[in-house]
Amino acid sequence: DAANYFAGALHYLQNGELTGWTTRRPLSALHLAGLLGASGSLKYALFILTAFSTGALLTMIAVLGRSIGIGAGAVAAAVLIPFYFPTVGTVMSENIGLTLGGCGFALMWLSLHGHDRCQSALFAFGAGLMGLGLAARAGAMFVLPLLILYAGWYFRGSNRFSFKALAWTASAIGFAFATNAALIALFGVHDVAGFSNFSYTLYGLVTGGHPWEYIHQNVPTLRSLPEAAQASEAYRLALAHLVAHPLDAVLGILRRYNDFIFNGRWFRIEGIGGLRFLFVVVALVGLFRAIRYHRAPSESFILVGTIGTLLSAPFIGDGGMRVHAATVAFSAALTANTIAGWCRRPAPESRDGTGIAPVPIVIAGFVLFFMVSAVSLRGHIRPPIDSFACQENTLPVAFSTVPDAGINLLSTRDILKIKTRAWLGLTLPRGFDELQPPIRFGLAINLSDQRGAQMWITSPTGRQLPRRFNACGRQIGDIFHLNTVQALP
């Protein structure tokens, strides 16, 4: 997945268009393209991306610790850090989902504990950021409509309901998804629909709780259709199976809840099953506690987020823990507030904590700035590549990459390390076993192909590759071995 996001960002910087893969999640791809375009380096782009997501994580811990207690902040860290650790230093969409969703959570939490007239607007802004996070990394979508209703209930004042607060929050979330749809319409592949892979997840659910890949095993001819048609057909098949065999859907829902609650989809505590089970027990106790004290600000907000997460669980269950990137803060707050609550009763009013609000606003502002900068880069599309010739027995291919998008394999030990990761689920390209160290192994996009397909490349370890270049070489399996390189403007 990470390689697809990286190649998609390079393709956008070269051609001003998203790939089929990145059309599904344009916000994540454009953010990465903005970082790569501004820095010209994968290393610096990853550093900035990690700084943003780390800042959002620390902000979530800080707002919970400030309002509930230092111990609660430590419990929240115990939930958030194991979730975040596997994606550190990668270009996966979980980073942008966590950053925007975490900043949105922090702003909404702070709005509940402030006392000025703009708190409902701050809540709406936070909900909009969480909407952007869920658009960038789809997950517990049922949280969003519940937040809209919650805003009308919580900010009602002396009235029964505040339609103004509801309208503000609904508009902010609607704007987030309208932005996502506009980016798909402007830069996306026209035969690919946003969130199209949900159709495969839904089919797996209604047929008994199978993984999302099940539809391709059960209907192998589906791949012959255009991608948008695949999604439409998957929805049609899912509805037909639901009508014919409704009990399969019930079984699928039960299986997904079993995976979510008992098989590590709710909390990521790797290798310590007993501790993970303890977190689940604390969370379930906290859910009943939040119901009991639902009029308190913290408990009511946590209750809404947790219900939305639980309602969403069957529909995103086979995506693993990472699909909760934008909303994982609710699980952290639930456990932290529960443990802290054993030592005190919840207070209906808490002290004003909005002084920290500029921090998530600044982090989210920088993220949105790089997304906008990527849109502006579309006006600097490179000219098409002229044809060129190579010596006999070598192929001419033009490439685009960033200079540090690769790793040096200096010995057979380095290759064995990569193969070890392959045993854990990493897919290696064909021809990897034939690599002879020392060699540099990296990723680029093929400019000679109109689709801008991604391609694994190798070069001598001491060679610094330009961002765009013509190359002559040999292709073995899925890997192109560079012989000669000529930089392009």
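**View 1. Helix α14 (residues 273-292) gives the most to the nonpolar patch, with 3 residues.** Helices (H or I, at least four residues) and strands (E, at least two) are DSSP runs, numbered from the N terminus. The model is predicted: local features need pLDDT of at least 70, side-chain atom pairs count only at pLDDT 80 or more, and totals for chains, interfaces and linings use all residues. Residues are numbered from 1 along each chain as its sequence is written, and side-chain values use heavy atoms, without hydrogens and water. The surface patch consists of F262, F277, V281, V285, I339 and W342, with about 570 Å² of accessible area together (Shrake-Rupley method, 1.4 Å probe, only the protein chains shown counting as cover for residues).

**View 2. V75 sits in helix α5 (residues 70-84).** V75 is buried at 14% relative accessible area (buried is under 20%, exposed over 50%, partly exposed in between; 1.4 Å probe, protein chains only). Leaving out residues up to four places away in sequence, V75 touches F279, T335, A336 and I339 (contact: heavy atoms within 4.5 Å). I339 belongs to helix α16 (residues 328-341) and is partly exposed at 32%.

**View 3. C390 and C472 form a disulfide.** The term means a pair of cysteine sulfur atoms within 2.5 Å; here they are 1.8 Å apart. The link is left-handed, with -80° about the S-S bond.

Terms used:
Patch = residues over 30% accessible without salt bridge, like charges linked within 9 Å, V, L, I, M, F, W, Y side chains within 5 Å. Salt bridge = Lys/Arg side-chain N within 4 Å of Asp/Glu carboxyl O.
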